[in-house]
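Reader: I would like to learn how to read helix packing and a chain interface. Please take one feature at a time.

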2 protein chains.
Amino acid sequence: MSANIIDGKAIAKDIHTEVRAEAEQFEKDNGYKPGLATVLVGEDPASQSYVKAKVKACEEDGLMGIKHVLPESASQEEVMALVTSLAEDPSIHGILVKLPLPGHIDEKTVLDAVPLSKDVDGFHPANLGRIGIKGEEADFVACTPAGVIELLKRSDVQIEGANAVVIGRSKIVGLPVALLLLNENATVTICHSRTKDLGAVTREADILVPAIGKANLVTEDMVKEGAVIIDVGVNRVDDATRKRGYRLAGDCDFEGVSKRARAITPVPGGVGPMTIAMLMKNTLRAAKRQLEG
Amino acid sequence: MSANIIDGKAIAKDIHTEVRAEAEQFEKDNGYKPGLATVLVGEDPASQSYVKAKVKACEEDGLMGIKHVLPESASQEEVMALVTSLAEDPSIHGILVKLPLPGHIDEKTVLDAVPLSKDVDGFHPANLGRIGIKGEEADFVACTPAGVIELLKRSDVQIEGANAVVIGRSKIVGLPVALLLLNENATVTICHSRTKDLGAVTREADILVPAIGKANLVTEDMVKEGAVIIDVGVNRVDDATRKRGYRLAGDCDFEGVSKRARAITPVPGGVGPMTIAMLMKNTLRAAKRQLEG
């Protein structure tokens with residue numbers, strides 16, 4: 001193993017510290033805290049702990065986190081009524097609707113009710129489109145993609161002029177990561193399940209971002225000597241030595257790939273902690289922008 | 001020379017014929033024609049002939065084209081008043097604001113006043129963002145990028161699984177072309193002025209779309225044997241044998257590149273005629289969609 005480990009936990013901690021300092025200054029100046037409302041419909045334990053972690057981070061960073069939980073049986077009207085009231089509430093600057101919503105709820109209509117100015121998740125198509133447009137700025141960049149770029153920048157990786165390859169094209173990760181890398185002047189290639197010779201493409205990558213959710217997809221032979229890898233995948237891999245019977249792994253064969261890469265993020269402890277840090281940053285940004293009008 | 005010439009004029013003519021048949025049916029069914037309003041501020045001769053060509057195409061295709069011309073000195077309020085009234089006018093289904101607007105007019109504010117449902121130019125960031133999102137559909141795809149894809153499809157070029165390389169990342173051409181190719185399941189690379197070794201990238205392209213506006217940028221040695229090239233560039237090249245002293249040329253060294261390419265669009269007569277054909281298609285689509293509510 002030779003690759004440097006890019007420590008997402010440590011970098012995320014730095015960001016939380018920065019947010020906290022800014023949030024305290026914000027409260028001093030304005031007499032209130034930046035506010036994030038989370039909306040959860042149903043009792044799924046994983047979603048509950050997801051939302052709980054967000055609200056806890058708010059507390060630690062000096063923001064106001066407010067948890068709204070509706071029963072699984074909530075109607076479209078009830079969900080819309082909540083989101084609309086949050087949209088109008090001046091003490092709420094960011095709204096996070098936990099996806100997926102139950103099957104009987106129309107997700108698109110609910111997300112459309114989140115105003116662009118409070119879309120701290122950055123999921124609105126206009127926010128996605130603006131990332132790629134020179135001279136325009138997205139109100140908010142989705143948290144995981146923003147975290148990927150932040151990891152590269154804070155690890156002093158040269159993005160401009162680099163060949164960057166993104167595996168995956170989801171609207172929450174692959175696509176916005178590609179547009180952000182393009183904005184940073186990388187030459188960007190987007191691969192996906194229909195790509196014919198994935199290895200031939202990834203071997204040209206100075207920066208490789210697997211974000212497809214398939215354990216061991218990227219192997220040693222697919223990586224260029226000296227590449228930097230930000231592994232966004234989170235997969236459960238059977239592991240009898242663990243109490244719960246599995247461990248978490250990214251999209252890379254970590255040990256193999258580490259022999260050739262110059263730097264790589266671990267899973268867990270890489271991109272994951274960054275997502276929540278960027279959400280705090282977005283919420284603070286939302287509060288500041290709403291102040292400016 | 002061995003490459004097949006992809007005849008944009010002939011393909012555009014087919015599309016105009018299809019639009020005309022559909023527009024006649026539309027008028028028969030509804031008692032009115034799909035309406036396109038063009039907005040031109042100032043007297044620039046090139047812009048005037050651009051707008052004139054659009055309105056003439058409307059007439060030929062059975063649509064209603066209405067030309068609005070404001071003086072160069074028109075104020076922001078005057079331009080906004082016109083665009084707002086067109087936005088509200090139920091007989092107008094598409095609005096085309098000729099860019100660039102004079103320097104004293106805020107372009108973004110004017111474009112934002114064009115409702116998404118009438119954005120037949122497809123320039124709104126949400127329309128751009130939606131192109132890239134699986135399962136979402138843009139209301140309108142910008143006309144030149146849509147024309148590029150149509151040329152490929154109507155020339156029976158296999159896009160799925162192909163390595164597609166786009167040179168240029170403008171919001172009007174490069175970026176939407178890249179997203180459209182991605183939607184068609186190509187592996188897509190976006191190059192630009194900061195790309196380090198352009199030839200190394202373009203030599204991997206099964207489909208190459210130069211869209212950067214630099215004559216002779218793409219030379220024979222930069223092209224893979226058997227590639228298909230859609231040349232979006234339009235450049236003036238000095239030519240003493242022509243009356244006006246120049247000729248139009250794309251971004252490719254056409255003669256050299258033709259030796260290796262399997263098929264290529266000429267400039268003029270390639271992408272150019274497609275842009276206006278796709279605008280007619282978008283206007284017809286706008287009228288049909290507004291009918292559906």
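Reader: At what angle do helix α1 and helix α2 of chain B pack?

Author: Two packed helices are described by the angle between their axes and the distance between the axes. Axes are lines fitted to C-alpha atoms, for helices over the stretch in contact, and angles run from 0 to 180 degrees between N-to-C directions. Helices are DSSP runs (H or I, at least four residues), as strands are (E, at least two), numbered from the N terminus. In this predicted model, α1 (residues 8-30) and α2 (residues 45-61) of chain B pack at about 60°, with axes 8 Å apart. They are therefore oblique to each other (under 35 degrees is roughly parallel, over 145 roughly antiparallel, 65 to 115 roughly perpendicular, the rest oblique).

Reader: Which residues make the contact?

Author: Contact means heavy atoms within 4.5 Å. α1(B) uses B:His16, B:Val19, B:Arg20 and B:Ala23, and α2(B) uses B:Ala57, B:Glu59, B:Glu60 and B:Asp61.

Reader: How many salt bridges cross the interface of chain A and chain B?

Author: A salt bridge is a side-chain nitrogen of Lys or Arg within 4 Å of a carboxyl oxygen of Asp or Glu. The rule finds two across this interface. B:Arg194 and A:Glu160 meet in a salt bridge, at 2.7 Å from N to O.

Reader: How many residues of each chain are in contact?

Author: 28 residues of chain A touch 28 residues of chain B.

Reader: How were residues numbered and selected?

Author: Residues are numbered from 1 along each chain as its sequence is written, with chains lettered from A and ligands numbered from 1 in the order written. Local features need pLDDT of at least 70 and side-chain atom pairs 80 or more, while totals for chains, interfaces and linings use all residues; side-chain values use heavy atoms, leaving out hydrogens and water.
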